Amino acid sequence: MSVVTVQLGQCGNQVGQELFDVISSDAQDGQRKTYSSVSRERFFRQTSQGGKKMRYNKNKAPRGFYYDCCYVGKVLKYFFFFLRVPDFEARAVLVDMEPKVINHSMNRAAKSGRWRYAEASHFSQKQGSGNNWANGFRVLGPRHRDAVEELVRREVEHCDVLAGFIPMMSVAGGTGSGVGTFVTQCLRDVYPSSFVLNHLTWPYGTGEVIVQNYNSVLTLAHLYQLSDALLVHENDAVHRICSQQLNLKQISFGDLNRVIAHQLAGVLQPALTPDSCGAYSGNPLGELVSALACHPEYKLLSACSIPQMASASIAFSTFSWPALLKHLRQMLIANTKMEEGIDWQVRPPPASAGRTSSLTAGGFNASLANLLILRGKDVYSAETGGFEDPAIYTSWLPPAEALSLWKSPVPFDKYEKSATLVSNSQALLRPLDDMVRKAWNMFASR
Amino acid sequence: MTQSVVVQVGQCGNQVGCRFWDLALREHAHVNKRGLYDEALSSFFRNVDLRKSDGGDCCVGGRIQHLKARAVLIDMEEGVVNGILQGPLREVFDSTQLLTDVSGSGNNWAVGHLTYGSAYREAIVNKLRKAAEHCDCLQCFFLIHSMGGGTGSGLGTRVLSLLEEEFPDVCRIVTAMYPSAEDDVITSPYNSVLAMRELTEHADCVLPVENQSLVDIVNKISVMSHGAKPGSVLRKDSTVTSGQGSLSPTEKPFDAMNNIVANLLLNITSSARFEGSLNMDLNEIAMNLVPFPRLHYLVPSLTPLYTLADVNIPTRRLRPSLPFVSWNQEGWKTGLCSVPPVGHSHSLLALANNTCVKPTFMELRDRFTKLYRKKAHLHHYLDVDGMEQSIFSESLSSLSELIDEYHQLDATKARLIPDAPRLSIAR
């Protein structure tokens, strides 16, 4: 039940590094032992402790820690402090066509002191893909296929039981989108029976990259056939969360990445599922995909989580399950990603209206399937009836099948109570339509 | 990390190039505190250990021994290059990187392009090849030259087509200095138009810089620094306009203008050299900003040009006020780099593929036609071996076509183009 993450391109590598940061700090915060060990097993591997694995860490070394070995060691011990720290290496493969971002991510990881990337698990070239999907997919991907497959294979061999792959990438650039699509294709070929859940970051609607619409459309078209499910975060929505919910003034990409990492970790950290019979689930990706991607033509998933607030405010807030779940339900129906500015007027259409009428009337967001993950205190007493209302689902899937519920009694990332909702709904339709329209207009000019 | 080679041709090209190398050294000295030869330095310099017998290139990670610029300096008269070699930058250039002759091109594009172009073809190709071989992964050639003279425009454009022949995969970014209307070279319209055709056909992208604009900018800055309002403090250590703090004690007349161009080049490459949260490589410039192969003239603008003590971080307020073409309504490509230039806390460089170049080109065409109608000074060109009158007419028609293409785009500005029909999502 280990997950191998493949981080592709600048976005994938930056978000991936934040994700592992959140996961490792969550698992370490004096939580219950089972939760921590399941989480660690899922995302990290412990390197073996030999006589040579010593870290000089003058901030943490206690005086008088002696290392009983040869004479050199005895001499050294008089002059240096040695501390054996368990090395947690992320189960990740880092791929990029230029070296700056990977170096930066690996350094940041090592500086955290809690975890790091394995030395040999990255692949980079000198020159980027130039924001060119075709360059990434047709030229650079095949050229470096063997090297990347080798890295993935080595990571997979370290896993006792493989739960699946999470390729992380953006769709606007060249490497993430082009090389990422090619790598997903290779994963499918080489590991046909493993789950592949792609995490995608959609760019700001107004231009990070001019050809982003071309790159996005090409990527999504290919990934739809290759991937089991596509979990999407949009930069615009996350930006709004940062500015209105977290009250950040100068929002940097680092802030966006931390929010994305928080939501993603809320999905991926251990939870008790209906199928796992009282223990933490051993098949998180498989259960997620089977709960949500109920039809092969509907694979686009979006996530939202509650509460989201500046960490300074957490200590002063109280949370109750009814309030959290009520807000979350309305966030789902009204298609917003945050508690601020929810439109409470949006309601599911009354049952008397014909089911075949437009489900998007009145801004209402219909869902195919929802996965609700509750974490924290009193999680067993939370009332989730609001999510079982047939009015918010389509007619051809009964709510009992459409809603899946995962729980974990362990508080997540400093929130006493928190809930994450992954939904297969119409939420991504508007941004997708915009993307296709702009790509088409650009293509159809002259 | 990729490397770039700078090719400076002619008097203007070499003088601008000289400022560029000076600024680059200062910027890296500011950022690189430990004296290690890192990836950022290797994009423009190579580290040479002269004690080694094999020619001495050191790899990334060691201490800096001798920095040599990745550059080729070409001029058909010796004055400027000799001046560089006697100045403070002499250590940065190798004698193998220079190509000089004695007599100059006489402000004659044909002499530069055809006579010297053929005579020195082998030598130029060799030097370029040598510079390229020193690079691990060569991404881009920066060509700097003026359009009005003889060597810069003639030999410079010949070098451009040689680069296209020999290194077709490497991006060619040309910084071309366009003459102002009161230029002191009478034949500058001829030289410019003849060179324009080469640029349109062989360059990947061109950063046109007008001398007149540079003069205006420098004047405005000196007005600001002399007549500044009492509350605002001018930062004196800004490297944008002045070489104060640089190596040469006295400033030569065109130095301020050349500094601006040098800053432009530094800023373009900053995201490729230093890290940032949204990197932008040089090949992404052409990819994103050039919609059709001939329309590759990107107008640069740089801010701040003079630093007031409380400069604001520029935001995306430009967006609503700029008219974009219908098929690219949000045509922005953004790059963010964490390392600011020397003397500033922030800076913004904007490259615009904008129809505002059309008036410039139209003026150029007008000045050309004035001379050409009378066939004035034409015999100097036609006397050169290999030069024919058809080359003039072809260059003129190439320029006219370019102006037409920009005009088409301008004409669609106010009109609402309906979206092309496509399959709509079934609702």
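In the predicted model, ring pairs join A:Phe20, A:Phe43, A:Phe44, A:Phe88, A:Trp115 and A:Tyr117 into a cluster. Rings of Phe, Tyr and Trp (its six-membered ring) are paired if their centres lie within 6.5 Å, with planes under 30 degrees apart counted as stacked, over 60 as edge-to-face and the rest as tilted. Over all chains, the structure holds 33 aromatic pairs.

One of these pairs is formed by B:Trp21 and B:Phe45, which are edge-to-face at 5.3 Å centre to centre with 70° between the planes. Because B:Trp21 lies in helix α1 (residues 10-31) of chain B and B:Phe45 in strand β2 (residues 45-48) of chain B, the pair ties together parts that are 24 residues apart in sequence. Helices (H or I, at least four residues) and strands (E, at least two) are DSSP runs, numbered from the N terminus.

B:Tyr190 belongs to helix α7 (residues 188-202) of chain B and B:Phe368 to helix α11 (residues 357-373) of chain B, so the contact ties together parts 178 residues apart in sequence. B:Tyr190 and B:Phe368 are both buried.

A:Lys299 lies over the face of A:Tyr224, 5.6 Å from the ring centre (criterion: NZ of Lys or CZ of Arg within 6 Å of the ring centre and within 35 degrees of the ring normal). A:Arg375 lies over the face of A:Phe412, at 5.6 Å from the ring centre.

Residues are numbered from 1 along each chain as its sequence is written, and chains are lettered from A and ligands numbered from 1 in the order in which they are written. Local features need pLDDT of at least 70 and side-chain atom pairs count only at pLDDT 80 or more, while totals for chains, interfaces and linings use all residues; side-chain values use heavy atoms, with hydrogens and water left out.

Conventions: Buried < 20%, exposed > 50% of the residue type's maximum accessible area, 1.4 Å probe, protein only.
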